[in-house]
Amino acid sequence: MTQDPTSMTNPGAAGASTRKVFIKTYGCQMNVYDSGRMADALSADGYVPTETMDDADLVLLNTCHIREKAAEKVYSALGRLREHKKARAAEGKEFLIGVAGCVAQAEGEEISRREPAVDVVLGPQTYHRLPQALQKVRAGERVVDTEYALEDKFEHLPDPTRIPGKPRNVTAFLTVQEGCDKFCTFCVVPYTRGSEVSRPLAQLLAEARKLVDAGVRELTLLGQNVNAWHGEDEKGRAIGLGDLLYRLADIPGLARLRYTTSHPRDMDDRLIEAHRDLRILMPYLHLPVQSGSDRILKAMNRRHKASEYVALIERIRSVRPDIALSGDFIVGFPGETDEDFEDTMKLVREVNYAQAYSFKYSTRPGTPGADLPDHLSEDVKGERLARLQALLLEQQQAFMHSKVGQTMELLLEKPGRMPGQLIGRSPWLQSVNVDAISSQIGDIINVRINAIGPNSLFAEVAPG
Ligand code: SAH
Ligand code: SF4
Ligand code: F3S
């Protein structure tokens, strides 16, 4: 992750009356984007971000509900915040606690019942109402707002490029789509984020242009189901994510585009053409498959076969041979046999991933998967996960090794640990350290990879 909204400082708004907010972000990139927008909304209210809860007047937990462990973390964090609140109250100081994100949406009232120290619970569709919610809290109310707001929150949030003192990044996220209608049987997202909504083309082009004017060189389009994005062009024609990428590629000054996360069923021809035609679109695709067994894919309601996924990858590679593939896997879905798991291993060998995420199945109450028979033991899930992860790691390392000796373009994003060192990203999303004294953050330079670290690459500036 290249952006950390919790570490933003805002010297422009500093002053005696300044309040400080600490936002802790869990979960996916959409939450990272949302945390940034919540910080924007609060800056209008005089809050500046801080990096610890120790000097904060408000702590917001932007939570994730995807797996049981992710949700549990929230309650243990709330326990610590409760103690801190008591200590602050003894000093006569305000200390407010807010819970946002997917646990807030899923559990609502239950959160303040379980942890009465919580002042405000806000679902992901109501962040623009955060300043009003805090006003109500100060008037003695406890606020739980998990409605799907009728108004468009994006229209009501402050312009992210106009916040005084907000440091500019050269990379930015842009949420283009929210929610999901796919209802995979293991997943809470359709319940926590609601049904699929695409932001209109004009709004997205305007936000993208503003970000580029403010110095952004790389945009990552976000959505729980980003390639389900759909809209209308100026002539009223129906368009999809591929068309949106072509339109964004025309913005002068923008150097790189990425998008995440996609569903295999929404990889249409136009999107594949965009990978063929647009040099600005980076050769990297996160395309989760979850399992390599047709039986399990069916039980998961993924609505495609393993062979269709493999054929899709072949089509994408035929138009963009250097594309790096990333994926998500769940092992130990209810009823998964040894053969089903071997099918997943087989698919991974066939596809050959540059990197991937893999998880043990976690039962989520309220999802259809929870009611299926034949849940597996933690031991079996653990063994399978270890085998899968060993294979994925091997593939990731082979991918990194294949880049040694190659010259590639690097977008410089931030200072490195050593003086004169900068950290950038390769087209394949790898973090690369380079000694580049004469270059600046935001530059795209040619480098030659000369070594591999555990999670990153090392390079020298390429001659010429
Ligand atoms: N929208 C994306 C991913 C959403 S969640 C998609 O469709 O692929 C991110 C990942 O978390 C999923 O791809 C899946 O691999 C994992 N995940 C979701 N629910 C899970 C569960 N109940 N147990 C374990 N992993 C889960
Ligand atoms: Fe969850 Fe499936 Fe929707 Fe992805 S496509 S968010 S895994 S329901
Ligand atoms: Fe988690 Fe919600 Fe994202 S459940 S993965 S924060 S959409």
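1. How do strand β17 and strand β18 pair, in the parallel or the antiparallel sense, and over how many bridges? Strand β17 covers residues 407-415 and strand β18 covers residues 421-425. The two pair in the antiparallel sense, over four bridges. Two strands count as paired if DSSP finds at least two bridges between them. Strands are DSSP runs of E with at least two residues, helices are runs of H or I with at least four, and both are numbered from the N terminus.

2. A word on the basis of this note. This is a predicted model, in which local features need pLDDT of at least 70 and side-chain atom pairs count only at pLDDT 80 or more, while totals for chains, interfaces and linings use all residues. Residues are numbered from 1 along each chain as its sequence is written, chains are lettered from A and ligands numbered from 1 in the order in which they are written, and side-chain values use heavy atoms, with hydrogens and water left out.

3. Stay with β17 and β18. Leucine 411 stands opposite arginine 425 in β18. Leucine 412 faces glycine 424 of that strand. The hairpin of β17 and β18 has five residues between its strands. Glycine 420 takes a positive phi there, near 85°.

4. Strand β17 has another partner. It pairs with strand β20 (residues 444-452), in the antiparallel sense and over five bridges. One pair to look up is leucine 410 with its bridge partner in β20, isoleucine 445.

5. Now the wider arrangement. Five strands close into a barrel, in the order β17-β18-β19-β21-β20, with mixed pairing. From one strand to the next, the twist averages 55°. Axes here are lines fitted to C-alpha atoms, for helices over the stretch in contact, and angles run from 0 to 180 degrees between N-to-C directions.

6. The UniProt record, an unreviewed entry, gives "domain: TRAM" for residues 401-463. UniProt positions follow the numbering used here, feature names are shortened, and annotations may be inferred rather than shown by experiment. The span 401-463 is 3% helix and 54% strand. Its end C-alpha atoms lie 21 Å apart.

7. Next, the open sheet. Six strands form it, in the order β2-β1-β3-β4-β5-β6, and the pairing is parallel. Its edge strands are β2 (47-49) and β6 (143-145), each pairing on one side only. Neighbouring strands are turned by 20° against each other on average, direction ignored. Helix α1 (residues 29-43) packs on this sheet and touches β1, β2, β3 and β4. The direction of α1 makes about 155° with that of β3.

8. Within the sheet, strand β3 (residues 58-63) and strand β4 (residues 96-100) pair in the parallel sense over five bridges. Valine 59 has isoleucine 97 as its bridge partner in β4.

9. Valine 21 sits in strand β1 (residues 19-25). Why does valine 21 count as buried? Because its relative accessible area is 2%; buried means under 20%, exposed over 50%, and partly exposed in between, with a 1.4 Å probe and protein chains only. Not counting residues up to four places away in sequence, valine 21 touches Leu42, Tyr47, Val48, Pro49, Thr50, Leu58 and Leu60. Contact means heavy atoms within 4.5 Å.

10. The UniProt record (unreviewed entry) also places a "binding site" at Cys180, Cys184 and Cys187. Cysteine 184 lies in the loop between β8 (177-178) and α7 (189-192). Cysteine 184 is buried because its relative accessibility is 8%. Apart from neighbours within four places in sequence, cysteine 184 is in contact with Met300, Asn301 and Arg302.

11. Cysteine 187 is also found in the loop between β8 and α7. Its relative accessibility is 13%, so cysteine 187 counts as buried. Leaving out residues up to four places away in sequence, cysteine 187 touches Ile66 and Thr367.

12. Two ligand shells close this note. Around ligand 2 are Cys180, Lys182, Phe183, Cys184, Phe186, Cys187, Val189, Pro190, Asn225, His263 and Arg302, where a residue counts if one of its heavy atoms lies within 4 Å. That shell divides into seven nonpolar, two polar and two charged residues. Ala, Val, Leu, Ile, Met, Phe, Trp, Tyr, Cys and Pro count as nonpolar, Asp, Glu, Lys and Arg as charged, and the others, Gly among them, as polar. The shell of ligand 3 includes Cys28, Cys64, Cys102 and Arg193. It has four nonpolar, four polar and one charged.
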